[in-house]
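Please keep the sequence and the model at hand while reading.

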Amino acid sequence: DTKQYSNILTSTPEAGVGLITLNRPKALNALSSPLFAELNEALADFDADDSIGAIVLTGSDRAFAAGADIKEMKDKKFSDVYKNRFLENWTTMTHLRKPLIAAVSGYALGGGCELALMCDIILASPTAVFGQPEINLGIIPGGGGSQRLARAIGKSRTMEMVLTGRNVTAQEADKWGMVSKIVGEGEGVVVKEAVDLAKNIASKGQIAVQAGKEVVNAAYELTLAEGLRFERRLFHALFATKDQKEGMAAFVEKRKANFSNL
Ligand code: HXC
């Protein structure tokens with residue numbers, strides 16, 4: 001019952017893992033409105049599917065995504081983008097419950113960099129290139145890049161990226177803490193590693209995983225006191241789950257936990 005899309009591919013490479021591959025090779029996966037609508041639909045489907053525990057988002061070896069579609073944006077006027085709420089649907093994915101892992105190879109520029117930053121974990125291939133080149137087009141980042149980069153890598157580096165449009169290598173992005181790691185060389189390696197990571201996460205109790213994602217994300221929105229309180233409340237709530245009873249019983253009985261996601 002796999003849906004047929006025009007701009008993306010979806011699959012389940014391992015039990016519990018949903019994989020979405022951006023697939024506009026001729027445009028280096030430029031994020032057109034039709035592509036983004038399909039992406040949101042596929043993400044919503046995986047998020048709603050009880051058999052899926054984590055999702056991987058990737059592009060091609062050459063490009064994760066080279067940005068929003070410049071040809072589509074070129075002739076738009078203020079009245080068009082304002083009235084039609086251009087890019088408002090880009091934030092939909094930040095409300096997903098399930099962990100989303102970006103497997104980035106090649107160009108992640110402009111909206112492509114911002115798309116990676118909206119994911120929960122970024123794995124980079126040694127060939128990955130990140131950048132916010134919007135300044136060269138007479139605009140600024142519009143998909144959250146200025147805000148998420150500032151939080152991820154600090155003000156000075158973000159200012160340099162946003163104001164000069166300079167691309168940064170995977171090695172710089174790793175040193176700056178923008179990605180969780182650089183994987184080994186080779187085509188498809190980053191996707192394989194991301195799928196393995198997603199499979200690992202999918203093997204845990206899903207309620208705890210989703211609560212873990214929720215509390216970490218709260219660190220970006222709340223004061224420390226509010227965040228600590230929110231964490232403790234959700235921590236308390238997990239004692240109402242069967243998975244907590246199972247997880248702790250399994251430890252004491254020296255066996256592997258068998259989570260039921262209840
Ligand atoms: C539309 C794009 C595109 C884009 C590449 N292409 N990026 N089309 N929108 N963002 C198309 C090219 O026009 C070309 O198609 C084909 O993909 C291959 O690209 P080339 O430029 O020929 O490849 P190459 O010489 O290898 O250069 C790769 C590149 C370059 C360095 C990534 O394509 C590039 O600079 N792209 C634009 C990067 C960018 O400025 N991104 C930010 C976009 S603004 P044709 O048919 O012409 O051969 C943005 C705003 C975000 O993202 C706001 C909020 C979301």
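The points below treat the ligand and its surroundings, and then a pair of helices.

1. The coordinates are those of a predicted model. The comments that follow should be read with that in mind.

2. The ligand is surrounded by 24 residues. Arg62, Ala66, Ala68, Ile70 and Gly111 are the closest of them. By class, the shell comprises 13 nonpolar residues, five polar ones and six charged ones.

3. Polar atoms of the ligand can be followed to three of these residues. In the side chain of Arg62, an N or O atom lies 2.7 Å from an oxygen atom of the ligand. The backbone contributes as well: a polar backbone atom of Ile70 is 2.9 Å from a nitrogen atom of the ligand, and a polar backbone atom of Gly111 is 2.8 Å from an oxygen atom of the ligand.

4. The ligand taken alone would expose 1000 Å², of which the protein buries 66%. Two or more residues of the shell come from each of α2 (70-73), β6 (107-109) and α4 (111-118). Of the elements, α2 gives the most, namely three residues.

5. How do the axes of helix α5 and helix α6 cross? Helix α5 spans residues 145-153 and helix α6 spans residues 155-164; their axes come within 7 Å and cross at roughly 140°. Angles over 145 degrees would count as roughly antiparallel, and α5 and α6 are therefore oblique to each other. Their crossing is right-handed.

Notes: Residues are numbered from 1 along each chain as its sequence is written. This is a predicted model: local features need pLDDT of at least 70, side-chain atom pairs count only at pLDDT 80 or more; totals for chains, interfaces and linings use all residues. Side-chain values use heavy atoms; hydrogens and water are left out. A residue is near a molecule or strand if one of its heavy atoms lies within 4 Å of it. A polar contact is a pair of N or O atoms within 3.5 Å; within protein, one must be able to donate a hydrogen and the other to accept it, and residues adjacent in sequence count only if both atoms are side-chain atoms. Accessible areas come from the Shrake-Rupley method with a 1.4 Å probe; for residues, only the protein chains shown count as cover. Helices (H or I, at least four residues) and strands (E, at least two) are DSSP runs, numbered from the N terminus. Ala, Val, Leu, Ile, Met, Phe, Trp, Tyr, Cys and Pro count as nonpolar, Asp, Glu, Lys and Arg as charged, and the others, Gly among them, as polar. Axes are lines fitted to C-alpha atoms, for helices over the stretch in contact, and angles run from 0 to 180 degrees between N-to-C directions. Angles under 35 degrees count as roughly parallel, over 145 as roughly antiparallel, 65 to 115 as roughly perpendicular and the rest as oblique. A crossing is left-handed if the near helix is turned anticlockwise from the far one by less than a right angle, and right-handed if clockwise.
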